[in-house]
Structures are given as C-alpha cells and as structure tokens.
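User: Please go through this model with me as a set of questions and answers. Start with the terms, then move to the sheets, the core and single residues.

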Amino acid sequence: MGFDKFGRKSFTAITKTAKFVDLLGEGKIEGTVCTKCGAKYFPPRSDCSACLSKEMEWFAMPTKGTLETFTTAYYAPFGFEADPPYTMGVVDFNDGLKLFARLSKAIPIADIAVGMNVSIQPLKYDDGQISFEIIKA
Ligand SMILES: [Zn+2]
C-alpha cells in the first residue's frame, strides 16, 4: 500500500513509509525516529539523513505546539479548486520538530495568529481520503 488514501491529491503510489497512512487511519499521527542517533522526522522518513542509518522506529507526534507562521490561500492549484480559502501553517513543537499542514476550517481566519497554541488531529474528508490538520489547543 502506498499513499493513495492520503490527502486531497496523492502523488506518491509506493513508499517505504506507507505505514504512516495506516496509522493515520487509526487516528495516530506519527513520525519516525532514528534508533542510532535519535534524529526525528516528520513527515516520516525511512532512512536517517543525519547518520544514514536505516534503523528507524515510529513515534507519536507531540500534541502541543505553537503556530510559527501561516498563510491563507484564496486561489488553489489544479485538484484543489473547491478548497479555498484555506490556511496553511507551520507548528513548532519546541523540540526540534516542526509540522506543515492546513489549519482546520473550524478556526475563523481572523482568529489565526502567530504564537497561538495549537495541536494536530487526523482528518477524514467526505470522499474517504485522510490527512491531518492543525486545530486550536
Ligand atoms: Zn540517525
């Protein structure tokens, strides 16, 4: 299995980190950690770019972070035409981990601010595709 169930449009059919999508389907948002040097990755990687080890394990992403930056898209590329306006942001978990994702549409755009306390949660679209999103903490 690949990433065919992930996101609004999936461009990666086969990957060594396909378990990410299975975990997401179970409600778990996980990254990978290198068992040799401890480097953490999100999105998950199957090989460590720090020490080149292939010895990786899964770990649960933190649930509390702050919004480091964001932007709102009022125009979307092919395949996402029905989605705007939507806001994307970067969450800083204060331990070297950062995550890029869309913010939940339940958060009014006017309420979004740098530094706000946020969390992440799995997301299921109406068509059965799955992803994750940033929510207010
Ligand atoms: Zn490593």
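Analyst: Two strands pair if DSSP finds at least two bridges between them. Helices (H or I, at least four residues) and strands (E, at least two) are DSSP runs, numbered from the N terminus. This is a predicted model, in which local features need pLDDT of at least 70, side-chain atom pairs count only at pLDDT 80 or more, and totals for chains, interfaces and linings use all residues. Residues are numbered from 1 along each chain as its sequence is written.

User: In what order do the five strands close into a barrel?

Analyst: The barrel has mixed pairing. From one strand to the next the twist averages 45°, with axes as lines fitted to C-alpha atoms, for helices over the stretch in contact, and angles running from 0 to 180 degrees between N-to-C directions. The order is β4-β5-β6-β8-β7.

User: Which residue in β7 is the bridge partner of T66?

Analyst: Strand β4 covers residues 65–73 and pairs with β7 in the antiparallel sense over two bridges. The partner of T66 in β7 is N117.

User: Which strands stand at the edges of the open sheet, and why is one side of each left without a neighbour?

Analyst: The open sheet has three strands in the order β2-β1-β3, with antiparallel pairing. Each edge strand has a single partner strand, so one side of it has no neighbour in the sheet. The edge strands are β2 (40–41) and β3 (56–60).

User: What is the bridge partner of V33 in β2?

Analyst: Strand β1, residues 30–34, runs antiparallel to β2, and two bridges join them. In β2, V33 is partnered by K40.

User: Which residues make up the largest nonpolar core?

Analyst: A nonpolar core is a set of buried Ala, Val, Leu, Ile, Met, Phe, Trp, Tyr and Cys residues joined through C-beta atoms within 7 Å. A residue is buried if 20 or more other C-beta atoms lie within 10 Å of its own, exposed if 12 or fewer, and partly exposed in between, with C-beta atoms placed from the backbone. The largest core has nine residues: I29, F42, L67, V91, L99, L103, V118, I120 and I134. At least two residues of this core come from each of β6 (98–103) and β7 (117–124).

User: With which residues is L67 in contact, leaving aside its neighbours within four places in sequence?

Analyst: Two residues are in contact if their C-beta atoms, placed from the backbone, lie within 7 Å. L67 is itself one of the core residues. Its contacts are G89, V91, V114, G115, M116 and V118.

User: Is T17 buried or exposed?

Analyst: T17 is found in the segment before α1 (19–25). Leaving aside neighbours within four places in sequence, T17 is in contact with T32, P44, R45 and S46. Its C-alpha atom is separated by 6.1 Å from that of S46, 29 residues apart along the chain. With 20 other C-beta atoms within 10 Å, T17 is buried.

User: How many other C-beta atoms lie within 10 Å of I135?

Analyst: I135 lies in strand β8, residues 130–136. Not counting residues up to four places away in sequence, I135 touches S104, V118, S119, I120 and Q121. I135 is partly exposed, and the number is 16.

User: What is the radius of gyration of the chain?

Analyst: The radius is taken over C-alpha atoms, and the globule rule is 2.2 Å times the number of residues to the power 0.38. For 137 residues, a compact globule would be near 14 Å. The chain agrees with this, at 15 Å.
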